[in-house]
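This report describes a structure with the sequence and the model side by side. Please keep both in view while reading.

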Amino acid sequence: MLKHSGLTLGLSVTYLVWLGLLPVGDWPRLGLFAGLLWVVGLAAGRSPLRLAAKSLAVTPFSLAALPLVFTVPGPAWAQLAGHPLSIPGSERFLTILLRAWLGAQAGLLTLSLLGRPRLLLALSQLGLPPLLLSIVTLMLRYLEVVHQELTRMNRAREARSSGSHRPSWWWRAAKVGQIAGSLLVRSLDRGDRVYLAMKSRGYDGRERRLYPPAPPRTGEWLAFGLAQIGMLALSWKW
Amino acid sequence: MVTVEDLCFHYGSREVLKNVAFRLPVGAKVGLLGPNGAGKSTLLLHLNGILQGQGKIVIDGLTLEAKSLPQIRQKVGLVFQDPDDQLFCSSVFEDVAYGPLYQGLPAAEVEERVSRALAAVGMEEARQRSSHQLSGGEKKRVALATVLSMQPSLLALDEPTSGLDPRARRSLIELLRSLPNTMLVATHDLALLEELLEDALVLDGGQLVFQGKTADLLADRERLERHGLVA
């Protein structure tokens with residue numbers, strides 16, 4: 001495994017690029033890419049089954065591509081309520097679905113290999129500007145705090161509801177909207193307080209680093225290069 | 001030595017601090033009391049130059065003004081009430097290193113200061129942990145370490161024991177007792193006041209209405225009731 005965080009993240013990003021470049025409906029190559037991901041996952045001690053199951057969470061987002069099944073012209077393989085389901089449209093939809101699923105697995109695997117602090121280090125090693133890195137760091141840091149606040153607000157709402165009737169979807173959506181609004185105001189307040197805490201410890205608007213990001217070693221570059229050649233070989237039309 | 005003279009501050013038309021004046025000798029541990037909205041947190045923010053009202057603040061012979069701000073912020077370690085406001089980096093190490101880094105210290109010295117500050121609060125093993133993984137008591141300790149690493153002469157603490165269970169509270173009081181720094185502690189916790197802080201200041205409606213020995217304040221039940229310090 002690569003020890004350099006930046007190269008690990010770079011490898012994950014290039015995997016996504018190669019995956020995105022695969023031709024539509026090229027099932028054998030998509031299978032090879034899935035196999036590659038699972039082998040790497042197994043080698044790193046991560047269960048491919050768990051990765052695959054967790055990544056199913058992206059499926060609803062991929063359904064946005066479902067209209068392709070009806071709108072892409074071509075021969076139909078079936079009819080649904082009088083609308084033809086085209087073969088090229090279905091291939092495109094399935095390819096998008098598989099790419100999204102594999103992409104999510106690659107993302108999860110990278111996140112589990114790096115963890116939060118190393119992910120930030122990786123972004124810094126890949127040259128993300130320090131100001132953007134600070135913003136990402138703050139976002140990740142306060143995601144947990146906002147989640148806890150949301151949980152508390154939800155509990156407080158539930159504690160005051162009678163529980164005797166099942167509220168409508170619309171009523172729930174309206175309440176969630178109100179909570180989101182309160183959360184935004186609270187987040188702005190917290191943002192002010194965090195800024196004061198930064199200022200009180202000397203923050204002067206410039207980003208500073210204790211150490212410059214370390215460059216990869218030759219062996220790590222070689223491993224990265226070999227992985228790229230391997231993915232090129234997998235996606236090449238022989 | 002900390003000297004505050006005729007400090008006044010307005011939030012819009014509301015006068016929050018009115019001619020506040022006091023002195024803290026080196027090494028003094030002083031409680032800052034008062035009902036909610038009395039101006040305690042506002043006063044602490046002034047000591048660090050975060051808020052700037054009218055009047056004069058002198059820390060270790062250095063008058064607080066725009067050009068002395070970097071040195072003043074090094075001398076006054078401000079610890080906020082909610083440690084989640086204080087711990088904004090991705091790891092404990094980065095949070096504790098933040099102040100020394102902005103003091104422009106070399107990397108080796110920053111490392112050393114982080115190690116010493118974490119050792120002082122008994123959190124060395126949490127060095128690489130994320131702040132969100134810490135318990136409430138641990139967060140308070142690390143929040144304290146974030147300013148100890150700057151080696152301040154004055155610690156300005158806002159409600160350090162709020163939200164802590166009895167064991168974590170006891171442990172934090174012992175920790176504060178062991179630190180040699182001058183301290184100004186804003187608190188509603190009269191037990192903390194009695195145990196740790198020899199002197200007390202009472203703010204009410206933005207005015208300093210008492211300064212003296214903690215024992216004298218605690219013995220004066222009528223005064224405590226008048227300023228909302230006991231029910």
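## Chain B: overall build

Of the 231 residues in chain B, 47% are buried. A residue is called buried if 20 or more other C-beta atoms lie within 10 Å of its own, exposed if 12 or fewer, and partly exposed in between, with C-beta atoms placed from the backbone. The model is predicted: local features need pLDDT of at least 70 and side-chain atom pairs count only at pLDDT 80 or more, while totals for chains, interfaces and linings use all residues. Residues are numbered from 1 along each chain as its sequence is written, and chains are lettered from A and ligands numbered from 1 in the order in which they are written.

Chain B has 10 helices and 10 strands. Helices (H or I, at least four residues) and strands (E, at least two) are DSSP runs, numbered from the N terminus. Along the principal axes, the C-alpha atoms of chain B fill a box of roughly 50 × 45 × 30 Å. The radius of gyration of chain B is 17 Å, which agrees with the value near 17 Å that a compact globule of 231 residues would have. This radius is taken over C-alpha atoms, and the globule rule is 2.2 Å times the number of residues to the power 0.38.

In chain B, 65% of the contacts with a separation of 6 or more are between residues 24 or more positions apart. Two residues are in contact if their C-beta atoms, placed from the backbone, lie within 7 Å.

## The four-stranded sheet of chain B

In what order do the four strands of the open sheet in chain B lie? The order is β2-β1-β4-β5, and the pairing is antiparallel. Two strands pair if DSSP finds at least two bridges between them. The edge strands of chain B are β2 (14-24) and β5 (62-63), each of which pairs on one side only. Strands of a sheet pair through backbone hydrogen bonds, either parallel or antiparallel.

Strand β1 (residues 2-11) of chain B is joined to strand β4 (residues 54-59) of chain B by five bridges. Within this pair, Val4(B) has Ile57(B) as its bridge partner, and Val2(B) stands opposite Ile59(B). β1(B) and β2(B) form a hairpin with two residues between them, and Gly12(B) in the turn has a positive phi of about 60 degrees. Helix α1 (residues 40-47) of chain B lies across β1, β2 and β4 of chain B, at about 60 degrees to β2(B).

## A second hairpin in chain B

Strands β9 (residues 199-204) and β10 (residues 207-213) of chain B pair in the antiparallel sense over six bridges. β9(B) and β10(B) form a hairpin with two residues between them, and Gly205(B) in the turn has a positive phi of about 60 degrees.

## Chain A

Chain A has nine helices and two strands, and from the N terminus its elements run α-α-α-α-α-β-β-α-α-α-α. The radius of gyration of chain A is 23 Å, well over the 18 Å that the globule rule gives for 238 residues, so chain A is more spread out than a compact globule. The C-alpha trace of chain A spans about 60 × 60 × 30 Å along its principal axes. Buried residues are 18% of the 238 in chain A. Of the contacts in chain A between residues at least 6 apart in sequence, 69% join residues at least 24 apart.

Helix α1 (residues 5-21) and helix α9 (residues 218-235) of chain A pack at an angle of about 10 degrees, with their axes 10 Å apart. That makes α1(A) roughly parallel to α9(A). Axes are lines fitted to C-alpha atoms, for helices over the stretch in contact, and angles run from 0 to 180 degrees between N-to-C directions. Angles under 35 degrees count as roughly parallel, over 145 as roughly antiparallel, 65 to 115 as roughly perpendicular and the rest as oblique. Residues making the contact include Leu7(A), Leu11(A) and Trp18(A) of α1(A), and Phe224(A) and Met231(A) of α9(A).

## Where the chains meet

The contact between the chains takes 26 residues from chain B and 24 residues from chain A. On the side of chain B that touches chain A, α2 (69-75), α3 (83-86), α4 (92-102) and α5 (107-120) of chain B each supply at least two residues. The most come from α4(B), with five residues.
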